[in-house]
Structure formats: structure tokens, C-alpha cells
Amino acid sequence: MMDRLDTEIAETPVSGREAPEQATSAAPSRKVFVKTYGCQMNVYDSERMSDALSRDGYTATDSPEDADLVLINTCHIREKAAEKVYSQLGRLAKLKKRRQSEGSDFMVAVAGCVAQAEGQEITRRAPVVDVVIGPQTYHRLPDALAKARTGAKVVETDFPVEDKFTALPKAPEKVIRKRGVSAFLTVQEGCDKFCTFCVVPYTRGAETSRPVDAIVAEAERLAAAGVREVTLLGQNVNAWHGEGSDGREWGLGELLRRLAEIDGLERLRYTTSHPRDMDDGLIEAHRDLPELMPYLHLPVQAGSDRILKAMNRRHTADDYIRLVERIRQANPDLALSGDFIVGFPGETDEDFEDTMRLIETVGYAQAFSFKYSPRPGTPGADLGGHVDEAVKSERLDRLQALLYRQQRDFAERCVGREIDLLLEKPGREPGQLIGRSPWLQPVIVNAKPEEIGDIVKVRITKAGTNSLFADRV
Ligand code: SAM
Ligand code: SF4
């Protein structure tokens, strides 16, 4: 089991998938290279920024050397993630010099949570940067770039009153199609939980939910363009709430029921959830909705009540275990995933053993685990009792070995099962396609490229290290 940043998304150049193609004929032709670090919400944001830039004539490129604009969408969740941004900016300084000597108006923009947290400090530390833009202001990116072209350094990190989602252009159908048959859709942003280790409430702001109509309209556009699976995103996605079409206050469970009615949308997922927001309506959706995939990412972070309290998680280990039991009663086939932090300040050997016991009790199909990284401005960073790095590493190794064993066991138990597989993209070998199992594992099967987007019956034949293999039935 590796760090989420290394396995999931970070350092994925989104540019290849972006290809915004709706340049107006008046706009000059320019190329943008987009680099995305961090979570799925950043992937979604990068797509929206690309949509906004396409109006200004930008098309995507896979290479920074070839670009007129390099846009880095950053993550501030751990120190390592933030520092990577500065080393990349160092490399870009040389490129900018070369491109400018060739007469290009090459620009660099930094977006995302590092932009929000560090603001002007970024242009001070890395003068190569022309524009710094936060997660709530990125709909203003084209205007910011226009200003920067006059020679100004532009820093836009306020929390504006206008709704960025309303201000952003909608991706045209062919752009959606190019992005694939599985899409992200942000329904909730920000966080009011203030876990003491976490920067999200500061970088993403207060919890907000997008209205039902806007979400349904976006999901319908995705489905009409051939998207078969939508993953609803939010920092605390299950805190989503809004006024439903029946005039009542809906929770995420009701929203999922509404989205399941959309023609062509066969699969729904959501991430990331907080245990305290897992209400009855959402648990019942896992019982009743075949479109809702039997997979739940429900981070607990630690198994010691003392540490959970210090983290301000506002639940105990036992609350979490009982919640998982209720969810599994509603859907016994559900795969559970989680996040864990080792070495939070004050964590003793005994506290760590509590976390190991919780993992044994719950049993995870997948999980992400991290060494605690003190984040400036969070209460955790000011706590005493910081744990030695060597101790953190030793604990992380043991925890990951246990989680990896559980992941392997879960995958082995899938062998022989017949499942519906959504074919998503070409595999490494010719004649292969890759899809995701209902439990989110990659599944490799022989299939023709024109079958991408189909949901086919397969039987799992083998569990590999990170993926499953299957035969058609
Ligand atoms: N909202 C989600 C929740 O409540 O669990 C988590 C969102 S956070 C972006 C993703 C994960 O990063 C967290 O679950 C936590 O495990 C990890 N994380 C956050 N801050 C961290 C820190 N300072 N050091 C190490 N890991 C951290
Ligand atoms: Fe961060 Fe906690 Fe909010 Fe999750 S719930 S985003 S970990 S503060």
C-alpha cells in the first residue's frame, strides 16, 4: 500500500485528457500544459480550468516545452506534496528563459491549495510564476492571464461571492467524450470539521453544497455525451445537502436516487466521506440502489480514542466500528476503504496498536496511509509530543503490510466471481481493455476497442498485485 499521492492521481499530467477544443475563431491559438497534483477534486478542477482556457484559444499539449502556458494545480495536504511544486517551478524558470528568448510570451500559473495557502509568497519565492489562483477563483483564470500579459504579477486567492460553477463554461460534448466513460462531478466543497492535522478548511474554505438542479444538469450532460459512471466529489461529500425537487431537504442518499434515474448513467460512486455524516438515507441508498457501486471510502485516521480526540474527529473507534457494521448489514457485499495517519503528535506504541486492532476488526479492501506531516497554521502543528520520523516509518511499514495483506485477501476472494465490468480504456497489451470492478479494482479483459463504454459480464480468473484478470462469460 502506498501513499495516496503516489498511487492515485498526483503528477498525472491531465493535459493529455484535456484537449479543450472550443476556441473561438477570434482567439489566438495557444497551447497549455496542465499538471495536476493531489486528489480527484483537483483532477475535476483542472478539467474545468481547461474548459475556461479553451475559450481563450488554448489547446492541450503533453509537453511543457511545447506550451505557451504551464498550469500547475497543486496539493497542500502534506509537506512533500507542496515542496514538489517548488522544485518543479525551479525547472520551469530555465524553460521560461529559453522560450522568452525565442519570442514566446510563455507564462506559468499556479492553482490549487498551495496557491491558496501561500498566495504572494509563491511569486516571491518563484519569480517565474505569473499567476497564482486559488480553488475558489479559478473561473477568473482567463482574466488573470490577460492581466499578467501586461507584465503584472496576479494573485487571486479571495473567496468570491459569485459561484464559480455558474461562471465556468460547460465542456462541449466532444471534450467530455474524449475524457472517457467515467467522470468526476464535484457536488460539495470545503470543510467545517477542522480536524487538527488538516489544511483543507483553510485552503478550500467553508462547507458548501451545489444545488440539485445544477448537479442533475451536469450529470445529464455527461450521460448524453456517453459517460456511464459518475463519481460525486467533495472534501466531505456525504455532508452534501440541498433542497430537492419535492421541496424537502435532501441528503446525499436522495441525490444519488435522483441521479440514478438519468438515462445512460449506469454507475454511481462518491468520495470522500466523513463517518459523522453517514446518515440513514445514505446507508439505505447502499441497500436499495443497484447503480450505487458497493464501495465506500470512509477514512477513520486512527484507532485510538485518545488520538481521535486530539485529531478532533469527534467519534470514537467503537462508533466507527458500529457504523461499519450497520453499513455492511445494509449491503454485505460492500468493499470498505480508508485513510490512516501514523505518528500524530502524542501517538504512543499503545495508540498505534489500537489502530492495528481496528484495521484487523474492520477489514479493508483498500486503504491509503500516511506519515503525519505537520501543516503550518493547523492546531496539530503546535502540539507537543512529535513522533520521531524513524518511529513513524516503522509504524507505517507495519500498518501498510497489514493493509496490503487485507487488500490481497479481498482480491483473492473475488476470483471466481461473475461481475458486470464497465470497459474504460485500452490495456497495456493489444486486444486488452481495462475496466473497474464494482469494488474499484482495475480489471483486465480481452475486448475490442469499440467496446469501450459497454458493461460486459466477466468472470474473475486471477488476482494480480494491483489488478484483477477476467474472462468474458
Ligand atoms: N475529508 C476526508 C476525511 O475526513 O477523512 C479527508 C480528506 S484529506 C484531503 C485526505 C487524507 O489526507 C486524509 O484522510 C488524511 O488521511 C490525509 N491527511 C490530511 N492531512 C494530513 C497531514 N497533515 N499529514 C498526513 N496525512 C494527512
Ligand atoms: Fe480535513 Fe477533517 Fe475536513 Fe476531512 S473532515 S477535509 S480530514 S478537516
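Biologist: Why does glutamate 121 count as partly exposed?

Modeller: Glutamate 121 counts as partly exposed because its relative accessibility is 30%. The scale calls a residue buried under 20% relative accessible area, exposed over 50% and partly exposed in between, using a 1.4 Å probe and protein chains only. This is a predicted model, in which local features need pLDDT of at least 70, side-chain atom pairs count only at pLDDT 80 or more, and totals for chains, interfaces and linings use all residues. Residues are numbered from 1 along each chain as its sequence is written, chains are lettered from A and ligands numbered from 1 in the order in which they are written, and side-chain values use heavy atoms, leaving out hydrogens and water.

Biologist: Which side chain does glutamate 121 meet in a salt bridge?

Modeller: Side chains of opposite charge can pair when their charged atoms come close. The partner of glutamate 121 is arginine 124, at 2.8 Å from N to O. A salt bridge here is a side-chain nitrogen of Lys or Arg within 4 Å of a carboxyl oxygen of Asp or Glu. Arginine 124 is exposed, at 58% relative accessible area. Both residues belong to helix H6 (residues 120-125), three residues apart, about one turn of the helix. Helices (H or I, at least four residues) and strands (E, at least two) are DSSP runs, numbered from the N terminus.

Biologist: How many salt bridges does the structure hold?

Modeller: The structure holds 42. One of them joins arginine 322 to aspartate 319, with 3.3 Å between the closest N and O atoms. This pair sits in helix H15 (residues 317-330), again three residues apart. Arginine 322 is partly exposed at 44%, and aspartate 319 is partly exposed at 33%.

Biologist: Is lysine 392 buried or exposed?

Modeller: Lysine 392 is buried, with a relative accessible area of 2%. It forms a salt bridge with glutamate 389, whose closest O atom is 2.9 Å from the lysine N. Glutamate 389 is partly exposed at 46%. Both lie in helix H17 (residues 389-414), three residues apart.

Biologist: Which residues are linked in a network of salt bridges?

Modeller: Such a network links Arg48, Asp51, Arg179, Arg210 and Glu218.

Biologist: Where does serine 373 lie?

Modeller: Serine 373 is in the loop between strand S16 (366-371) and H17. At 13% relative accessibility, this serine counts as buried. Its side chain reaches the backbone nitrogen of glutamate 79 at 2.9 Å. Setting aside neighbours within four places in sequence, serine 373 is in contact (heavy atoms within 4.5 Å) with Arg78 and Glu79.

Biologist: How do strands S17 and S18 pair, and over how many bridges?

Modeller: Two strands pair if DSSP finds at least two bridges between them. S17 (residues 418-426) and S18 (residues 432-436) pair in the antiparallel sense over four bridges. Proline 426 stands opposite leucine 433 in S18. Their hairpin has five residues between the strands, and glycine 431 takes a positive phi near 85°.

Biologist: Which strand do five bridges join to S18?

Modeller: That strand is S19 (residues 442-446), and the two run antiparallel. Isoleucine 434 stands opposite isoleucine 444 in S19. S18 and S19 also form a hairpin with five residues between them, where leucine 440 in the turn has a positive phi of about 75°.

Technical notes
A polar contact is a pair of N or O atoms within 3.5 Å; within protein, one must be able to donate a hydrogen and the other to accept it, and residues adjacent in sequence count only if both atoms are side-chain atoms.
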